[in-house]
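Work through the exercises below with the structure open. Try each task before you read its solution.

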Amino acid sequence: MENQPTHSDESVLARLSSVTHHYGSILALDELDLEVRQGEVLGVLGPNGAGKTTAINLLLGNLRVQQGSVSVFGQDPGAMQVRERRGAMLQVSGISGNLTVRENIELFSSYYPAPLAVAKLLSTAGIEDLSERRFGKLSGGQKQRVMFALALASDPELLFLDEPTTGLDVDARHRLWDEIRTLEVTAVLSTHNLAEVDALADRVIVIHHGQRIADGTPSEIKSHVAGRLVRCVTSTLPDEITQFPGVIQAKVRGRHLEVQTTLPEDLVRDLLARDEDLVDLTVEAVDLESAFLSLTKESP
Amino acid sequence: MTVNRRIRVYLLEAHYQFIDVLREPLFSISVLAFPLVFYLFFGVILNFGGTSMPMQTYMLATYGVFGILGPALFNFGVGLATERDTGMLLLKQTTPMPVGAYFSAKVTTALIFGATVVSALFLIAAYAAGVALFRWQWFALAGVLLAGVVPFCTLGLAIGAWVKGRSAVAIVNLIFLPMSMLSGLWIPIYVFSDFMQNMALVLPAYHHAQLALKVIGMDSGQPILLHVIVLVGQTFIFLIVAALGFRRVGGFSIRKS
C-alpha cells in the first residue's frame, strides 16, 4: 500500500522509486523514494554524505541505476529530450577558465534547441558587468552566478541545484538566493544548509544515510521538534539531565551544553541549582537547524 | 538534434577549445616554440651531419613528428584529465552536447597546432636551411606528419583517462620527452647503439618518424607495412586502455582525490 499521497503523473516531473545505490560496499541510497511536482522547489536536505548528490546524479542520468527506477518527464533521465528541457548547477569547480563569461555561456547555449538569449542569461544571473571577464579570474561567488546562468541556458522546465551556495560568503549566498527566488521554475535543491531550504523550498525531504527521514514544508519540518534550545557553560553533563522532564536531547557542543526541551523554565531552574558557576545562558527558539539535528540524531 | 544544430555545436566546441588552449601561454609557447627553436639550433645552426646525410633535411622530418606529438599529447592528456577533475566534463555530460563534439574539438585543436608547427618548420627548412625536396615530397611529408595526430591523440586520451588533472602535466612530460629522445626525434636514431635502436621499436613516435623519413629516403630501411601495422595496433590498444580508464571512474565523473 502506498502511504504517501499519490499525485497524477502529469504533475510529477521527476521520480525516484525505491532507489538503492552502492559505491562498492558503501550504501549511498537505501530504498529512496522522491517525487518532484510541477511548480515546486523541492529541498533535499541532509548532512554531507547523506546521499543528496547521488540522488541528483541519478536524476540527471550521470549514474547508472542499480536498483529501483528513475524517471524524468516520464522518460529515462539521460534521454536527449530530457537533457534539452532541464538545467543543472552541479558541485563543479570550473569551466574553461581562459574563456570569458560570455563565451562560456554562448558555448553552453549552443547545446540546446531553444536557449535563452545570452543577454537574458547575463541579466538573470546578475553578471552583465562580468561578461567580458575570463571565468578563471572571477571570485567564488561570481563563478557560482555564472554556473547558475549556464543552468538556465536551456530555459529549463526542471532545474537541479546541487549545493548551489556551498563555499560562498553570506553576501554572495544571499545574492544567489535572490536570483533563484525570482525564477518561476520547478527545481530540486540539495543542500546541507537549513537556512537555504527555509529561504527557497516549498517542500523539503530530509535524507540521512540514504533514507528519507522526513517530508514536509520547511515549517512542518520545524514543528517536528517543539520547544526551546537552552545553551550554557556549565559543569553539568548531558547524561545528568537527559531523563529530566521535557528534555528531547542534550549534548555538548564546544564549551556549551545544549539542551532541547519543551519545558525550558523548569530546566533552567534545575541547571542553575546544580551549578552555581553556570554562565553564558541563552534560551532560543528552535530553528530549522536544531530540528534537523534531532531528526538526524544517531540512535544510541 | 537537427543536423544544422549538430554542425554548429561541433564548430563552436572546436572554436572555443582552440581559443581556450591558445590563451594558455605555457601551452602555446612550449608546443609551438620548442620544435622550431630546437630545429633551428640542432638542425640548422649546429649542423653536424655529413654531406651524405644533410641534417637539416633529416631533422625536418623528426622535429615535424615532435611538433605533432606535443599538442596531441598535451591537449588530450592534460586537457581531458583537468576538465574531468574540475567537473566540466560532468556538467557537459548533463547537457545535450554530443560527446563526439568534445573529442573532435580536441583532435581539431591538436591538428591546428600541429599544422602550424609543421608549416613553420617547412618555411624555416625551405628558406633558412636550404632544404630542397621534390614538390610531392613536401606534400607527402606534411600528410604523413599530420596523420600522426591519430595515434598520438589516442595515446593522450589513454593517459588523460587514467591520471589526475594535477599530475597530468608531469606524467605527459615523462612520456613525451623520453619518447622523443629514444625515438630519434632530437638525435638521429642511427647514432644509438643497436640495443637502443631495438628498444625504439616499441615506441609509436619511432614508427611515425620512420614513415616521415621514408618520404625523404632517410629511414632505417624497415618496411612501411611494419610501421603502419604497429601504429594502427597501438592506436587500438590506446583506445582500449582509455575505455578501461573511463569505465573505472564511471564515464566523465569527477575523480575525488
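**Exercise 1.** Find which residues B:Ser28 is in contact with, leaving aside its neighbours within four places in sequence. Then decide whether B:Ser28 is buried or exposed.

*Solution.* The model is predicted, so read each value as computed from it.
- Step 1: B:Ser28 lies in helix 2 of chain B, residues 25–45.
- Step 2: list the contacts. Beyond four places in sequence, B:Ser28 is in contact with B:Val21, B:Leu22, B:Ala33 and B:Phe113.
- Step 3: A polar atom of the B:Ser28 side chain lies 3.1 Å from the backbone oxygen of B:Leu22.
- Step 4: check accessibility. The relative accessible area of B:Ser28 is 11%, so B:Ser28 is buried. The cut-off for buried is under 20%.

**Exercise 2.** Take A:Thr54 and A:Ile56. State where each lies, whether each is buried or exposed, and what each touches.

*Solution.* 
- Step 1: locate both. A:Thr54 lies in helix 1 of chain A, residues 52–59. A:Ile56 is found in helix 1 of chain A too.
- Step 2: apply the cut-off. A:Thr54 has 7% relative accessibility and therefore counts as buried. A:Ile56 has 2% and therefore counts as buried.
- Step 3: list the contacts of A:Thr54. With neighbours within four places left aside, they are A:His21, A:Tyr23, A:Ala28, A:Leu29 and A:Leu63.
- Step 4: Not counting residues up to four places away, A:Ile56 touches A:Phe160, A:Leu161, A:Asp162, A:Val188 and A:Ser190.
- Step 5: take one C-alpha distance. A:Ile56 and A:Val44 are 12 residues apart along the chain, and their C-alpha atoms are separated by 9.4 Å.

**Exercise 3.** Find how many residues the largest nonpolar core has, and which of them have the most contacts inside it.

*Solution.* 
- Step 1: count. The largest nonpolar core has 152 residues.
- Step 2: find the most connected members. B:Tyr39 and B:Leu60 have the most contacts inside this core.
- Step 3: assign the core to elements. Helix 3 of chain B, residues 55–85, gives the largest share, 17 residues.
- Step 4: inspect B:Leu60. Residues up to four places away are not counted. B:Leu60 touches B:Tyr39, B:Leu121, B:Phe122, B:Ala125, B:Val131, B:Leu133, B:Trp138 and B:Leu141.
- Step 5: look beyond it. Another core, of 12 residues, lies apart from the largest one; among its members are A:Ile241, A:Leu257, A:Val259 and A:Leu267.

**Exercise 4.** Describe the interface of chain B and chain A: its contacts, buried area and salt bridges.

*Solution.* 
- Step 1: count the residues. In chain B, 23 residues are in contact with 29 residues of chain A.
- Step 2: give the area. About 2,500 Å² is buried between the chains, and carbon and sulfur atoms give 56% of that.
- Step 3: apply the salt-bridge rule. It finds two across the interface. One of them joins A:Glu84 and B:Arg5, with the closest N and O atoms 3.1 Å apart.
- Step 4: count polar contacts. There are 14 residue pairs in polar contact between the chains, with both residues at pLDDT 80 or more.
- Step 5: Helix 1 (3–22) and helix 4 (88–93) each supply at least two residues. Helix 1 of chain B gives the largest share, eight residues.
- Step 6: sort by type. The residues on the chain B side divide into 11 nonpolar, five polar and seven charged.

Technical notes:
Residues are numbered from 1 along each chain as its sequence is written. Chains are lettered from A and ligands numbered from 1 in the order in which they are written. This is a predicted model: local features need pLDDT of at least 70, side-chain atom pairs count only at pLDDT 80 or more; totals for chains, interfaces and linings use all residues. Side-chain values use heavy atoms; hydrogens and water are left out. Contact means heavy atoms within 4.5 Å. Buried area is the accessible area (1.4 Å probe) that two parts lose on being put together, summed over both. A salt bridge is a side-chain nitrogen of Lys or Arg within 4 Å of a carboxyl oxygen of Asp or Glu. A polar contact is a pair of N or O atoms within 3.5 Å; within protein, one must be able to donate a hydrogen and the other to accept it, and residues adjacent in sequence count only if both atoms are side-chain atoms. Helices (H or I, at least four residues) and strands (E, at least two) are DSSP runs, numbered from the N terminus. Ala, Val, Leu, Ile, Met, Phe, Trp, Tyr, Cys and Pro count as nonpolar, Asp, Glu, Lys and Arg as charged, and the others, Gly among them, as polar. Buried means under 20% relative accessible area, exposed over 50%, partly exposed in between (1.4 Å probe, protein chains only). A nonpolar core is a set of buried Ala, Val, Leu, Ile, Met, Phe, Trp, Tyr and Cys residues joined through side-chain atoms within 4.5 Å.
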